[in-house]
Amino acid sequence: MKILAIDDEQDILRLIEKALKGQYQVDTVLVPLQSIPEDMSSYSLIIMDVMMPNESGYDVIKRVRSKVGCPIIFLSAKALEEDVVYGLSLGADDYIRKPFSVAELRARIAAHIRRDNRDEVRGMIRSGDITLYPEDCELRVNDKKVELTKSEFEIVELLFKNRGQVFSKTQIYEFIYGYDKDGDESAITEHIKNVRRKLKSNGAEPIETVWGIGYKWKKQI
């Protein structure tokens, strides 16, 4: 599992690397000397400072939350309740006050990862803010139900359960309608367009077009 740590203090980044060494692969970004990556979809969890030069952690999460489904933990010396509440309201999953202990950091990270694993065992599949309930044919974003047609849900289920795998329009069509069904594969394009619109209206954009091949659901590793 990969974890991304973003901070403007080298000592904090070294502490995080040392604390998690041997358990996780840790990538670090020292701002402002290094740029925050635009694509964070490969990470299982992100640890980010709040008070950073040029762009605060609050600004970063506003910019990337709809594209990143993994847990995000804020680090901050700001201990006021309103700061914590504001950070969580933007989509952060946790808030750790500086200075923090290595034991606390490890425990918080492990708890978030265990939660995701338990969700799959309970018959639901979660990727960040998006949760799929296969038995109920239901999809939720931030616990808000997304209304989908039967065909739209079947497409979502195929892509969601196989996150990171690319499917062509032919493969998707055959999954929904069967190998012997005659029809127009362009219907898949319209279904995908409708699913994207509905997800985007709820602040999520997980479906990626792989040009010349097909579609995939962004994978959280």
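# Briefing on a predicted model

Asparagine 142 is exposed, with 53% as its relative accessible area. The protein contains 7 helices and 11 strands, and its C-alpha atoms fill a box of roughly 65 × 35 × 35 Å when taken along the principal axes. Of its 221 residues, 47% count as buried, and among the contacts between residues at least 6 apart in sequence, 54% join residues at least 24 apart.

**Backbone: positive phi values**

- Most residues other than glycine have a negative phi, and most peptide bonds are trans.
- Asparagine 142, which lies in the loop between strand 8 (138-141) and strand 9 (144-146), has a phi near 50 degrees, a positive value in a residue other than glycine.
- Asparagine 54 also has a positive phi, of about 75 degrees, although it is not a glycine, and this residue is found in the loop between strand 3 and helix 2.
- With a relative accessibility of 78%, asparagine 54 counts as exposed, since the cut-off for that class is over 50%.

**Backbone: cis peptide bonds**

- Valine 31 and proline 32 are joined by a cis peptide bond with an omega of about 5 degrees, and proline 32 is found in the loop that runs between strand 2 (25-30) and strand 3 (45-49).
- Lysine 98 and proline 99 are likewise joined by a cis peptide bond, here with an omega of about -5 degrees, and proline 99 lies in the loop between strand 5 and helix 4.

**Aromatic rings**

- A pair of aromatic rings is described by the distance of the centres and the angle of the planes.
- A search of the whole structure finds 4 aromatic pairs, one of which is formed by tyrosine 58 and phenylalanine 74, an edge-to-face pair with 5.5 Å from centre to centre and 85 degrees between the planes.
- That pair links distant parts of the chain, because tyrosine 58 is in helix 2 (residues 57-64) and phenylalanine 74 is in strand 4 (residues 72-76), 16 residues apart.
- Tyrosine 58 is buried, with a relative accessible area of 10%, and phenylalanine 74 is buried as well, with a relative accessible area of 0%.
- Phenylalanine 74 also pairs with tyrosine 95, and because the centres of these two rings are 6.2 Å apart and their planes are at 70 degrees, the pair is edge-to-face.
- This second pair too links distant parts of the chain, with phenylalanine 74 in strand 4 and tyrosine 95 in strand 5 (residues 94-97), 21 residues apart, and both phenylalanine 74 and tyrosine 95 are buried.
- Ring pairs join Tyr58, Phe74, Tyr86 and Tyr95 into a cluster.

**Helix 5 with helix 6**

- Two packed helices are described by the angle between their axes and the distance between the axes.
- The axes of helix 5 (residues 150-161) and helix 6 (residues 169-177) come within 10 Å and cross at roughly 120 degrees, and these two helices are therefore oblique to each other.
- The crossing of helix 5 and helix 6 is right-handed, and the contact is made by Ser151, Glu154, Ile155 and Leu158 of helix 5 together with Ile172, Phe175, Ile176 and Tyr177 of helix 6.
- Sorted by class, the contact of helix 5 with helix 6 has 6 nonpolar residues, 1 polar and 1 charged.

**Helix 5 with helix 7**

- The axes of helix 5 and helix 7 (residues 186-200) come within 10 Å and cross at roughly 80 degrees, and helix 5 and helix 7 are therefore roughly perpendicular to each other.
- On the side of helix 5, Ser151, Glu152, Ile155, Val156 and Leu159 meet Ile188, His191, Ile192, Asn194, Val195 and Lys198 in helix 7.
- The residues of this contact between helix 5 and helix 7 divide into 6 nonpolar, 3 polar and 2 charged.

**Alanine 103**

- Alanine 103 has its place in helix 4 (residues 102-121), and with a relative accessibility of 54% it counts as exposed.
- Although alanine 103 and alanine 19 are 84 residues apart in sequence, they are 8.3 Å apart in space, C-alpha to C-alpha.

Notes: Residues numbered from 1 in each chain as written. Predicted model: local features only at pLDDT ≥ 70, side-chain atom pairs only at ≥ 80, totals over all residues. Heavy atoms only, no water. Axes fitted to C-alpha atoms, helices over the stretch in contact; angles between N-to-C directions. Helix = DSSP H or I, 4+ residues; strand = E, 2+ residues; numbered from the N terminus. Parallel < 35°, antiparallel > 145°, perpendicular 65-115°, else oblique. Left-handed = near helix turned anticlockwise from the far one by under 90°. Contact = heavy atoms within 4.5 Å. Nonpolar A, V, L, I, M, F, W, Y, C, P; charged D, E, K, R; others polar. Phe/Tyr/Trp six-rings, centres within 6.5 Å; stacked < 30°, edge-to-face > 60°. Buried < 20%, exposed > 50% of the residue type's maximum accessible area, 1.4 Å probe, protein only.
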